[in-house]
Amino acid sequence: MVDVAIIGCGVTGAAVAYHLAKKQVSVLILEAENDVSMGTTKANSAILHAGYDPEPGTAMARLNVRGSAMAKEICAVLDVPYKQIGSFVVAFGPEQEKTLQRLYENGTANGVPGLEILSGEKARELEPNLSPEITAALHAPSAAIVSPWEFALAMAENAVKNGADLHLETRVTGLAPIEGGWRIETTKGEFEARFVVNAAGVDAGKVHALAAPENFVTKPCRGEYYLLDKSAGNTVGRVIFQCPTAAGKGVLVAPTVHGNLIVGPNAQDIPDSADTATTAMGLAQVAQSARRSVPGVELSACIRNFAGIRANTDRPDFVIQWAAPGMLDLAGMKSPGLSAAAAVGEEAVALLAEAGLVLTEKPNPVTRRTRIRFKELTGEEKAEIIAREPSYGRVICRCETVTEGEIIAACHTAIPPRSIDGVKRRVGAGMGRCQGGFCGPRVMEILSRELGKSPLDIPQEGAASILLTGRTKQAKGDKTV
């Protein structure tokens, strides 16, 4: 029997594991997909919000501000792409200016540093591509952008290095109380744990229902995006939000840490939490709304459209509760869920301690993580590493200048990729304008070799997205595949 089992390894589950694994407790992580950060964590706006949106006194307000500050520190020690670029919430006319004032007061009450309301003229001095119709903007200098999937991956890797036991492709199918804890039934067998943490994202309601009567309802909400080429990456230098409504924070235009521009999302309630399709109507809504804030945004530079699912519930706040003795829910992690994740993990650990989990610090936990990003090295550094390891001299992804050495290194980390997109999330191969059209086959070849798997078993993304079924032409007796 382990001390704590965490169900789900998106950014929330990873954060819980990150904090817990530094203690002298046994930690089990059960993830249904073939990689970490496969749900909302890999398909969102990649924003660490300043914290002016949540109503003062809510868990969202408290954990957003704390979580964003923690994320900055964690990204620094775990070598995760992060940039504190600030944000604007723009207003069109007097009525929306009243909303800016309310957000300013919220943020001040929540402890958000440096907030100020700017005139439309001042906002355009700082962001020349803003609409001339904008009359004012709320400036939040503490807002930041991050690589969300690498944030989750880095915390999960650190947890594994500190002793956490991660099981991928292990879907939880049943929960039953037993003496001293819980029996967890999964597609890969049974486990036992003193405490269970439900961090299953859009499926958190289903996991809760395995252990206790339903007391919250998940209402999945899809948001669609444009990802633009790096040629459009300098359109704005800050995150540009519109005034929030009941549907959410509205369509944003923002740089990404990788140098692209992201535009979106819309908000559409959907019955199926797995429905990440993009639609012509939804993308048209995004385009129309984005051009209101930034009229010159070049959507023709789009290299990819995608959609993510918000884990909305029928509650206005995060769902952080004991579903049953020893069973902790961390559900409804809608925006600002990414921003709050590190603080949610910290709070979960505190709640477990209050419930009787003894937490003693490990004497020498792993605290740092680094990786080589070849394209960011100086010429001298590149020559040195190629001399030491020639695979760094072979560029596999030309769009993003990702080398074979980087892919090989990713294949031998604490949580190696199992798919082509798993490599993309770790080192960026396939993120450029050709979206893996050229490098995809080479990435598959390297994965196959380094993992000791047949190319027939290497998926594009999820375990079922197999690309190859056999050779189109194969000599008699050829058993290479």
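**Exercise 1. How many residues does helix α3 have, and what length does α3 reach from its first C-alpha to its last?**

Keep in mind as you work that this is a predicted model.

Step 1. Find α3 at residues 94-110, which gives 17 residues.
Step 2. Go from the first C-alpha to the last: α3 reaches 24 Å.
Step 3. Check this against the expected value. At 1.5 Å a residue, 24 Å is expected, and α3 is close to that.

**Exercise 2. Work out which side of α3 is buried and what covers the buried residues.**

Step 1. Recall the cut-offs: buried means under 20% relative accessible area, and exposed means over 50%.
Step 2. Pick out the buried residues of α3: Thr-99, Leu-100, Leu-103, Asn-106, Gly-107 and Asn-110.
Step 3. Look down the axis of α3. The buried residues fall within an arc of 120°, so they line one face of the helix.
Step 4. Here is the general idea behind such a pattern: an α-helix has 3.6 residues a turn, so residues three or four places apart point the same way.
Step 5. Turn to the other side of α3, where Pro-94, Lys-98 and Ala-109 are exposed.
Step 6. Now look for the cover. The buried residues of α3 are covered by elements including α2, β5, β6 and β7.
Step 7. Finish at the end of the helix: Gly-111 follows α3 and has a positive phi, near 85°.

**Exercise 3. Describe how α1 packs against α5 and against α8.**

Step 1. Start with α1 (residues 11-20) and α5 (residues 148-161). Their axes are 8 Å apart, at an angle of about 30°.
Step 2. Name the arrangement. Angles under 35 degrees count as roughly parallel, so α1 is roughly parallel to α5.
Step 3. See who meets whom. Among the residues in this contact are Ala-14 and Tyr-18 of α1, and Phe-151 and Met-155 of α5.
Step 4. Move on to α8 (residues 337-354). The axes of α1 and α8 are also 8 Å apart, but the angle is about 50°.
Step 5. That angle makes α1 oblique to α8.
Step 6. The crossing of α1 and α8 is right-handed, and the residues making the contact include Val-16 and His-19 of α1 with Leu-338 and Leu-352 of α8.

**Exercise 4. Where does Gly-470 lie, and how far is its C-alpha from that of Thr-186?**

Step 1. Gly-470 sits in the segment after α12.
Step 2. Gly-470 has a relative accessible area of 37%, which means that it is partly exposed.
Step 3. Thr-186 is 284 residues away along the chain, and the two C-alpha atoms are separated by 31 Å.

Key:
Residues numbered from 1 in each chain as written. Predicted model: local features only at pLDDT ≥ 70, side-chain atom pairs only at ≥ 80, totals over all residues. Heavy atoms only, no water. Helix = DSSP H or I, 4+ residues; strand = E, 2+ residues; numbered from the N terminus. Expected span 1.5 Å × (residues − 1). Buried < 20%, exposed > 50% of the residue type's maximum accessible area, 1.4 Å probe, protein only. Arc of directions from axis to C-beta. Contact = heavy atoms within 4.5 Å. Axes fitted to C-alpha atoms, helices over the stretch in contact; angles between N-to-C directions. Parallel < 35°, antiparallel > 145°, perpendicular 65-115°, else oblique. Left-handed = near helix turned anticlockwise from the far one by under 90°.
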